Amino acid sequence: MYWANLLKANVRKEYIELKRYLPNTIAMVFTFYFIFLGMFMGIQLIGDPSTQEANIQYAIVNYIFWFLAMMVMNSVGWTITNEAMRGTLEQLYMSPMGVWRILATRLIATTAIYFLIIVGLLYLSMATTNQWLNIDVISIMPILILTLISMFGVGFMIAGISIIVKQVGAFLQILQFILAALTFVTLNVAPFFAFLPFVKGVDLVRQVMIHGYTLSQFTVADYLILGFNAIVYLTLGLLFFIYCERIAMKKGLLAHY
């Protein structure tokens, strides 16, 4: 019941902020769409015509996941920074639910709302390029959920750093490029990247959306790696956040920006 109320409140908060600052929301969506158009035009102008169709399909999936990773993993860092700037960070610690629960439900709320935007961008991108991917929801959703769990873990790590450092804007901007690199990398080139937070999930979703794979065509090892990443990164993220939280409390950093 408490979790449901907390989730409802955070979904409402995120929706109100996106609606209240609608011009900024629209600008954000169009910015990412124009980035994709730049990628699409580049592939058409300088890409190999024989592999152009496959390259465009890869670009669609990769850029959609890049946007998702940025929204999920960066959002909690911006949340801590904004709360500190507004002077409301310490108020969150007055909640009996605990800050990590508030941040967890806020992550879920942010993901749910931005997921609708991402779906719209996906179909807009497919319509623009006339490349229609295989949207097999039954195969995609289990992979996506496990991938998001590992992203949440990294989000908590960023939140822990943000509580101590407060101003992490430059770090989050650098992280955008790192996320782009990890999203576009293929495991054929770097197989060991499968144990990074979301690379394996992106690779499996690419197989579904581009090559038409189903859940039965993946190996047990694929699922074990996905599950391992989800459990390990979420656990490490929560432990790291709680550790940073204790440091911030000990040094009296919560009430200061």
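Predicted model: local features only at pLDDT ≥ 70, side-chain atom pairs only at ≥ 80, totals over all residues.
Which residues touch the most other members of the largest nonpolar core? The legends below start there.

**View 1. Phe67 and Met73 in the largest nonpolar core.** Residues are numbered from 1 along each chain as its sequence is written, and side-chain values use heavy atoms, leaving out hydrogens and water. Of the 79 core residues, Phe67 and Met73 touch the most other members. A nonpolar core joins buried Ala, Val, Leu, Ile, Met, Phe, Trp, Tyr and Cys residues through side-chain atoms within 4.5 Å, where buried means under 20% relative accessible area (1.4 Å probe, protein chains only).

**View 2. The surroundings of Phe67.** Leaving aside residues up to four places away in sequence, Phe67 touches Met28, Phe32, Tyr114, Ile117, Ile118 and Leu121 (contact: heavy atoms within 4.5 Å).

**View 3. The largest pocket, with about 800 Å³ of space.** Among its 25 lining residues, Asn24, Met28, Trp78, Asn82 and Tyr114 are the closest to the centre. A pocket is an open set of points on a 1 Å grid over the protein atoms alone, where a 1.4 Å probe fits, with protein on both sides within 12 Å along at least five of seven lines; lining residues have an atom within 4 Å of a point.

**View 4. The second largest pocket, of about 280 Å³.** Here Phe115, Val119, Leu122, Ile140 and Leu144 are the closest to the centre, out of 16 lining residues. By class, this lining has 16 nonpolar, no polar and no charged residues.

Note on methods:
Buried < 20%, exposed > 50% of the residue type's maximum accessible area, 1.4 Å probe, protein only. Points joined across faces, edges and corners; volume = space filled by probe spheres on them. Nonpolar A, V, L, I, M, F, W, Y, C, P; charged D, E, K, R; others polar.
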